[in-house]
Amino acid sequence: RTPHYLRGHKGTIVRHLGDHPNPEDLAFARPAPKRALYHVTFPMAELWPEGRGDDALVVELYEHWLERP
């Protein structure tokens, strides 16, 4: 599980959810190439200073929104 970053916050990809049409293109009725969609987990302490180390947030993010280390 390689760490990835979203706006400088380190998270970990935990599951590939398949490839889906790019929502940014769909919103403007443009042809939408398929993009990989993932569940990514972020430790709460990584996102909020008051977050506890054992809590985590899981979000669905497209691969092109993630930054590799």
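1. Aromatic pair. Rings of Phe, Tyr and Trp (its six-membered ring) pair if their centres lie within 6.5 Å, and planes over 60 degrees apart count as edge-to-face. By this rule, the count here is one aromatic pair. The partners are Tyr62 and Trp65: their ring centres are 5.3 Å apart and their planes stand at 75°, so the pair is edge-to-face. Note that this is a predicted model.

2. Cover on the two rings. Is Tyr62 buried or exposed? Tyr62 has 11% relative accessibility, and buried means under 20%, so Tyr62 counts as buried. Trp65 is partly exposed, at 32% relative accessibility.

3. Overall make-up. The protein chain holds two helices and four strands. Read from the N terminus, the order of elements is β-β-α-β-α-β. Along the principal axes, the C-alpha atoms fill a box of roughly 40 × 25 × 20 Å.

4. Burial and surface. The protein chain has 69 residues, and 23% of them count as buried.

5. In general, strands of a sheet pair through backbone hydrogen bonds.

6. S3 against S4. Strand S3 covers residues 34-43. S3 and S4 pair in the antiparallel sense, over seven bridges. Within this part of the sheet, His39 stands opposite Glu60 in S4.

7. His4 has its place in strand S1. Its relative accessible area is 7%, so His4 is buried. Which residues does His4 touch, leaving aside those up to four places away in sequence? They are His9, Lys10, Gly11, Ile13, Leu66, Glu67 and Arg68. Pro69 is 65 residues from His4 in sequence, yet the two are 6.1 Å apart in space, C-alpha to C-alpha.

8. Salt bridge. How many salt bridges does the structure hold? The count is one. The side chains of Asp25 and Arg30 meet in it, at 3.1 Å from N to O. In general, side chains of opposite charge can pair when their charged atoms come close. Asp25 has a relative accessible area of 13%, so this residue is buried. Arg30 has a relative accessible area of 43% and is partly exposed.

9. A positive phi. Ala29 is not a glycine, although its phi is positive, at about 55°. Where does Ala29 lie? The place of Ala29 is the loop between helix H1 (23-26) and S3. Exposed means over 50%, and Ala29 has a relative accessible area of 73%, so Ala29 is exposed.

Terms used:
Residues are numbered from 1 along each chain as its sequence is written. This is a predicted model: local features need pLDDT of at least 70, side-chain atom pairs count only at pLDDT 80 or more; totals for chains, interfaces and linings use all residues. Side-chain values use heavy atoms; hydrogens and water are left out. Rings of Phe, Tyr and Trp (its six-membered ring) pair if their centres lie within 6.5 Å; planes under 30 degrees apart count as stacked, over 60 as edge-to-face and the rest as tilted. Buried means under 20% relative accessible area, exposed over 50%, partly exposed in between (1.4 Å probe, protein chains only). Two strands pair if DSSP finds at least two bridges between them. Contact means heavy atoms within 4.5 Å. A salt bridge is a side-chain nitrogen of Lys or Arg within 4 Å of a carboxyl oxygen of Asp or Glu.
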